[in-house]
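Here are a few exercises to work through with the model open in your viewer. Try each task before you read its solution.

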Amino acid sequence: KKAFQNTSIIDFTNQNKIDYSSDKNFSFNDISAKIVQKIGEKNIFAVDFITIEDQLDVTQEDESTEEEIATKNTVYQRNFGTSFTWKSNWNAKNSLLFNVSNSQYELDSKTTNLEDIYGYKKQENYVYDNSIKIDNSYKINDKYRLNAGYQLNLLRVQNKLEDKNMKHVTNHYSTDEMKKNTREFLSGEF
């Protein structure tokens, strides 16, 4: 509230200050958990989970004119992530790390002119990221270590934009892109 306490909205066509009122509603949820379990002397299993969800609804009304001008903005965001990790020390020289993860992001936003029941702007964004990673480390001796691994990422991004006005003209813009990235590596430490 303090960041906006001295803020005023000005109509630049005639340099007049606009009186407005706003009604806000905000909700936020955050849940996370992590479980780490050591099994025997050689294995560690870990499971991570997080979800974040928030929504903001703002209705603003211009009180400087006789004409009622009001807009409603809604923004909804959701993040979800989880991963499973297994680390194993096979022996004093050889260790393995295996990880599988998933994350999802969703954004829905809508701006509505309340006088035009047919007019609105709507935007949707979705990002999905899945990965598998395997790392192996082999200690040759006290001076040399050999590392090898493989990683696969599948990334999907969707963007949708819809703009509808009083004349019932609807403009759609949509993209859907899927990317597959792999990485193999072999390195040594001296």
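**Exercise 1: A bridge between strands**

At 23% relative accessibility, Arg78 counts as partly exposed. Keep in mind that you're looking at a predicted model.

Solution. 
- Step 1. Look around the side chain of Arg78: it meets the side chain of Glu106 in a salt bridge, with 3.4 Å from N to O.
- Step 2. Check the cut-off: a salt bridge needs that nitrogen within 4 Å of a carboxyl oxygen, and 3.4 Å passes.
- Step 3. Classify the partner. Glu106 has 15% relative accessibility, so Glu106 counts as buried.

**Exercise 2: Glu124 and its surroundings**

Task: decide whether Glu124 is buried or exposed, then list what its side chain does.

Solution. 
- Step 1. Locate the residue: Glu124 belongs to strand S7, which covers residues 120–139.
- Step 2. Apply the cut-off. Buried means under 20% relative accessible area, and Glu124 has 15%, so Glu124 is buried.
- Step 3. Look for charge partners. The side chains of Glu124 and Lys122 form a salt bridge at 3.3 Å, N to O. Lys122 is partly exposed, at 30% relative accessible area.
- Step 4. Look for other polar partners. The Glu124 side chain also makes a polar contact with the side chain of Tyr126, at 3.4 Å.
- Step 5. Set aside residues up to four places away in sequence, and Glu124 touches Leu107, Asp108, Gln158, Asn159 and Lys160.

**Exercise 3: Tyr120, by contacts**

Task: which residues does Tyr120 contact once its neighbours within four places in sequence are left aside?

Solution. 
- Step 1. Tyr120 is in strand S7 too, and at 18% relative accessibility Tyr120 counts as buried.
- Step 2. With those sequence neighbours left aside, the contacts of Tyr120 are Lys110, Thr111, Thr112, Glu162, Asp163 and Lys164.
- Step 3. Tyr120 and Asn73 are 47 residues apart along the chain, and their C-alpha atoms are separated by 9.8 Å.

**Exercise 4: Aromatic geometry**

Task: how many aromatic pairs does the whole structure hold, and what geometry do Phe49 and Phe80 adopt?

Solution. 
- Step 1. Searching the whole structure turns up five aromatic pairs.
- Step 2. Take Phe49 and Phe80. Their ring centres are 5.5 Å apart and their planes meet at 70°, so this pair is edge-to-face.
- Step 3. Phe49 is partly exposed at 31%, and Phe80 is partly exposed at 24%.
- Step 4. Now try Trp86 and Trp90. They form an edge-to-face pair as well, with 6.1 Å centre to centre and 75° between the planes. Trp86 is partly exposed at 23%, and Trp90 is partly exposed at 43%.
- Step 5. Zoom out a bit: Phe45, Phe84, Trp86 and Trp90 make up one aromatic cluster.

**Exercise 5: The overall picture**

Task: how many helices and strands does the protein have, and what fraction of its residues is buried?

Solution. 
- Step 1. Count the elements: zero helices and nine strands.
- Step 2. Count the buried residues: they make up 19% of the 190 residues.
- Step 3. Check the contacts between residues at least 6 apart in sequence: 57% of them join residues at least 24 apart.

Conventions: Residues numbered from 1 in each chain as written. Predicted model: local features only at pLDDT ≥ 70, side-chain atom pairs only at ≥ 80, totals over all residues. Heavy atoms only, no water. Helix = DSSP H or I, 4+ residues; strand = E, 2+ residues; numbered from the N terminus. Buried < 20%, exposed > 50% of the residue type's maximum accessible area, 1.4 Å probe, protein only. Polar contact = N/O pair within 3.5 Å; in protein donor to acceptor, adjacent residues only side chain to side chain. Contact = heavy atoms within 4.5 Å. Phe/Tyr/Trp six-rings, centres within 6.5 Å; stacked < 30°, edge-to-face > 60°.
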